Every structure is written in structure tokens, then in C-alpha cells.
Amino acid sequence: MTQQTQLNIELAHAEAGMRAGHAESLTRRSLRHLLRKRIALLCLAVISVFYVVGAFAPLIAPYGYAQQNLDLSFQGPSLHHPLGTDRNGRDSLSRNIFAARTTVIVTLATVAAGSVLLPVTLGMLAGYRGGIVDAAINRTGEILSSMPGLPMLVLISATLRPRFDRWVVCVEDGIHYHGLTSSGFADYFLIFFALSLFGWVGGARLIRAQVLTLRRSEFILAAEASGASTRRILFQHILPNIMPIVIVGVSASLGGVAAAEIGLTFLGVGIQPPHPSFGALITDGAPRTVLQNHPALLLVPALTVASLIFAFNLLGDALNDVFTSRAK
Amino acid sequence: MDGLAGYILRRLLFLPLTLLIVSFATFYITRWGPGDPVSVYSGQYRDQEAFDRVRHKYGLDKPIIEQYGIYLKQIVLHGDFGPSFRFRDRSIPDIIAPKIWVSARLGVYAFILTFLIGIPAGVFAAVKQGSWLDPFVISIFLFFQSIPVLVMVPVLVLVFAAQLHWLPSGGFDGVFSKSMIIPTIALSLPSIAGVARLARATTLGTLNEDFVRTARAKGLDEVTVISRHIARQSLVPVMTTVIGLSLVGLIEGAFFTETLLGIPGIGRFVFESVNGRDYNVILAIVLVITTAFVLANLLVDLALIVIDPRIRAGRGVR
């Protein structure tokens, strides 16, 4: 098929869509353009593999993440342990796979709250309501963003951890299910909470600015004039137009959240042992004696994390390109 | 410039309010937590009577709100940050000033390296726009940005200290020593991508300007056109914006770099203070960093206003 005929077919499809009354949305069209970029596809592939492996970790990993065999400590790669074992004789491959699960849980939860729910709600509120609501949200954001993030996160985790732990035990007693504490639920929740608390500011600002411009546009005025309810205007008219910002924001923050969890775990306030996280694996592999004799224990988690974040960054770039050039 | 002066004044007036709220939040969070400096200091087998006496002496047995009131009064009336619980014979400014000085010198090194690599790389990428070199150069630095500092430092130590024995594996002995090289690289590599991109974008904006065409028409060689006419135009906005913006990244990076390499800077000291529950020191450091952030952001905004008159006109009321 030549390029020309392909183009014609596409045009025909687009026309058919318009006639049918549902012109393709900006978001859909931009995402379709994204899928034509080879780098973007490659990044999506890397990210998907990582997330599938993480999500199905218990099925894929050959061993448990805490399963020790002290006879086999610091083994090199072998058929039984493709990436060798660590100090406690735990299978390195399995620990990396379970660490991916930690990253998957933390990034998805944090991004859902800190890059979608909070910024969209607060940004739309601030931009559409204006007045004192706008001022309150803006000032809160300004104060949060002028605090030094990392020490505050460390302080919050150090203070809240015992309380969360106690709270989780209470919940366990209430629902008569006793797997929550051992699943490390409190750690995940704490990281999610602390990162979302500081994470929403940038996104909310961008969305607010966009809502401010949209408010004065003709189609919103028309909707208001025809008596549409505030809810209808916000969700039917404004929300679809801020989707590009939300999508770009999500892809931009995923890498940062993954890195933040690793950093917090390294500082001892993130995921607690024996639960695996790339932060814990890197910390275990970083001491000089370990590093000199068993570099794989650092390099495998380090390269995995670096390529994941690299994929996020490249994808974020591609998304940004697609949306900013299409929006014009 | 009346509007501009008013704008600066309003921003500066907001600073004390920010500091007030940040200090209260930090104060509350630190003291709310389990453990206090006296219990860290006295350990497991303590004399209850002495424990209570010391707690009472520092006012730690009062309600948190009351403690905050006392703290606020002292700091506003006497400029006194209160006692440090770990170093009891020294005042807090005396304790943290040398640490900040170490970190600041490291930060300046990192800034310089970031610009020395980032700006030429960005200008180069812009000039080569359309060829494979443009995305290639940017991607390389994007890759470095993707490596957490936490990973970068051990790898650099492994290669340059453990294997090649070129550099020391940590510590700090002055600005003109080899011990500065690894931390400087680790701190600047992640921020080069941002500088390079900004330099690329501003350069692309000037590539087709009239004065560039004039320079070419005069018969200047390409190197002079790029270095004298194009790069100089993009240098100023990039510098001012990035200095403010990357201050945050630099401080965050310093926490890990200093901890991993055993550099006695402020980043490492924060965590030692958190572990020792040294309330007043933590609070003082948080307040210093917050002030630095606010002032840096103000400077960036001012620089942008000075550079781009459109922002000045369109700013209006905030």
C-alpha cells in the first residue's frame, strides 16, 4: 500500500467519523500519533514488560523474596539462580521481580492520587471557582512547594510509621484478616501518602492555568448561557480539554515517584525489610566489599531502575511533543 | 516599575507567613513522633527521675502548642534558635554554618560543571537540528538524568576508586582536592539534561533571527557565528532560570551524595539530626532551606520578567 492511499483511507475514516457526529477527540488523535513514533513504542514496550512482571511477581518469580538458604550466600549465576544469590542466600532474580511489584504498587497508587485525582480536582476548583478557594489552594501549594521535600518526607515517615502500623493492626482486628501487616501494607500506604501530599502542586498549577483560559472561551460561555450546570460544564466541557495536561503530567511524574520510593527506602523510611524494593537492593549492593566482589548485586537493580526511568522520561518527551504540536 | 516593586514587596511579605506555617508544621511533626532527644540520649536503661528532670528542663513535658509559643517568642525576640540536644555547648548557627559552607562549595562546583557541559551540548543539538545528532545528544543526557544519584555514586566509586584507584572513595579535604570530583559529577550529571534542553530551545529561537543572518552575511565563519552571536543570546535566560530551578534538585541530590560519600555537609547532617531527634537543629535547617527556595524562586521570576517584557505587562494582579 502506498503512503498516498493510506492517507486517503485515513481521511475517509476521519470524514466518516465526523459525519457520524463524533469527531475524534484531541486526546485520541494525539495518542494515535504517538503510536507512530518508534521510540515511544519501544518505551511503552519496556514499561509494559516491567509492569506485567511486577503485577504477576508471585507467579513469575522462581523463589519467594524472603526465602533464605544460608549455605548458598553470595553465589554467582547458575542454572538454579540465574542472577546469583545475595548475602542471605536469597535468589537475586526473585528479589528483583518482587522489587518490581513494589515499584508497580507505589507508582500506580501515588500517580492515581498525586498526579490525577488531587491535581484535577484542586486545579479545576481553583481555576473555575476563583476567589477565596483559588487563593487557599494556591497558597497551600506555594507553601508545600517551598518546603524541602526530602527531609519533610523523612520526618513524616518517621513520625507516622508507628501510628500507621497500629492503625493497620486495628483494621486487621476489625475485618478478621491477618495478612495486612505481613504484606507490608503500612509501608506502601505511608509512601503513597507522603508522596501524594507533595506531588499534586505542579500539576494543579498547570491545570488551573488551563481552566482559566478555557473559562473565557466561547464554548464555555455558550454552555453557561444555555444553562448547563456547573457539574456538566466541568466534566463534559472542561475535563476533556485538560486531559492532555493530565496525561503528560502522569508520564512525567511516574519516573520521579519510582525514584523517590527508592530514595526513601535507602534512607530507611520507605519499604522495610524483608520486603524487597529496588532501594533496598541497591543499598545492599552498594557497600564497597560487596560491590567489588559481586557487582551484579548492584548493577542488576541499578540498570533495571535506570532503564525504567529512562523509558518514562523518553515517553514523557514524546507525549509532550505530540500534544503540544497537535494542540496548536 | 511601580507594579514590579509592589510585586516584589508582596512576595517578600508572604515569606514570613510561609516561614511561620512551615515552622509550625515541622515543629509539630518532629515533636509528635515517637521518641524525643532525651530518650535517644539516655538510652534503654535510664534513671526515670533524671529523665523527667532533663525533659522538664528543656520544656519537653509541656503541650506541643505551648512549646511552639515559647520557641516562637525566643526566635522573634532574641533570634535564638534554641539549644541543640546533641551539641549542647554550641549555638545552632555555629553548628550548621560550616556544614552549609561545605555543601555550598560543592553546589557551586556542580553548577559550573552543569553549565560547562549543558550549554554547549544544547547549542550543538540545536545547530544539528534535523540530523540524528540532535536527539542523540539530548538522549544521552536524558539517560544520565534517569539514573538515581543513589546508583550513580556507588558506580562512580566502583570504577574510579575501587578499580582504577584514581580518586578517593569519599570524604572531604578541601575544595582543591581530588575528593571533590566524584560528588561534583554525581550532582551535576542529572541536571545537565535540563540545561541542555533549555539551551537547545532558546538557541532554536535565535537561529533564524536577522542578526544571525547579518553575521553570516558579513562572512564570519560558522564557529564565530555560533559562539559569539547565537550562544550568547541564549546564555542569559538559561542561566537565570536554571540556577533557581536546579537549586531544589541540587539540595535533594546533596542528601544522597553526602550520605554515601561521607561528606560533612548539610545534607548528611539533616539525617543525623533526624535520627538523633535534634528538634531545634532540624527546624533551623528546614527554615534555612525554605528561605533559600523562596528567594531562588523570586529571583527566577524577576529574571524572567526582566528578560521578557511580555510577562511584565501581562502579569496583572495575582
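**Two helical chains: working notes**

Colleague: Which way does the crossing of H7(A) and H11(B) go, right-handed or left-handed?

Modeller: The crossing of H7(A) and H11(B) is right-handed. The term applies if the near helix is turned clockwise from the far one by less than a right angle, and left-handed if anticlockwise. This is a predicted model, in which local features need pLDDT of at least 70 and side-chain atom pairs pLDDT 80 or more, while totals for chains, interfaces and linings use all residues. Residues are numbered from 1 along each chain as its sequence is written, with chains lettered from A and ligands numbered from 1 in the order in which they are written.

Colleague: At what angle do H7(A) and H11(B) pack?

Modeller: About 15°, with the axes of H7(A) and helix H11 (residues 266-275) of chain B 11 Å apart. H7(A) is therefore roughly parallel to H11(B) (angles under 35 degrees count as roughly parallel, over 145 as roughly antiparallel, 65 to 115 as roughly perpendicular and the rest as oblique). Axes are lines fitted to C-alpha atoms, for helices over the stretch in contact, and angles run from 0 to 180 degrees between N-to-C directions.

Colleague: Which residues make that contact?

Modeller: H7(A) brings A:Pro151, A:Val154, A:Leu155 and A:Ala158, and H11(B) brings B:Val270, B:Phe271 and B:Val274. Contact requires C-beta atoms, placed from the backbone, within 7 Å. The contact of H7(A) with H11(B) has seven nonpolar residues, no polar and no charged ones (Ala, Val, Leu, Ile, Met, Phe, Trp, Tyr, Cys and Pro are nonpolar, Asp, Glu, Lys and Arg charged, the others, Gly among them, polar).

Colleague: And how many residues does the contact take from chain A and chain B?

Modeller: Chain A gives 33 residues and chain B gives 34 residues. On the side of chain A that touches chain B, two or more residues come from each of H6, H7 (149-175), H10 (230-266), H12 (288-293) and H13 (296-327). H7(A) gives the most, nine residues. By class, that side of chain A has 25 nonpolar, seven polar and one charged.

Colleague: Change of topic. How many helices and strands are in chain A?

Modeller: Chain A has 13 helices and zero strands, and chain B likewise comes to 13 helices and zero strands. Both are DSSP runs numbered from the N terminus, helices being H or I of at least four residues and strands E of at least two.

Colleague: What share of chain A is buried?

Modeller: Buried residues are 40% of the 328 residues in chain A, and 34% of the 318 residues in chain B. Buried means 20 or more other C-beta atoms within 10 Å of the residue's own, exposed 12 or fewer, partly exposed in between, with C-beta atoms placed from the backbone.

Colleague: Why does A:Ser92 count as buried?

Modeller: Because A:Ser92 has 24 C-beta neighbours inside 10 Å. A:Ser92 lies in helix H5 (residues 92-129) of chain A. Leaving out residues up to four places away in sequence, A:Ser92 touches A:His81, A:Leu83, A:Gly84, A:Thr85, A:Asp86, A:Leu297 and A:Val300.

Colleague: Which residues are buried in H6(A)?

Modeller: A:Ile137, A:Gly141, A:Ile143 and A:Ser146 are the buried residues of H6(A).

Colleague: In chain B, how do H6 and H8 cross?

Modeller: Helix H6 (residues 133-146) and helix H8 (residues 181-207) of chain B cross at roughly 145°, and their axes come within 6 Å. H6(B) passes H8(B) in a left-handed crossing.

Key
Two residues are in contact if their C-beta atoms, placed from the backbone, lie within 7 Å.
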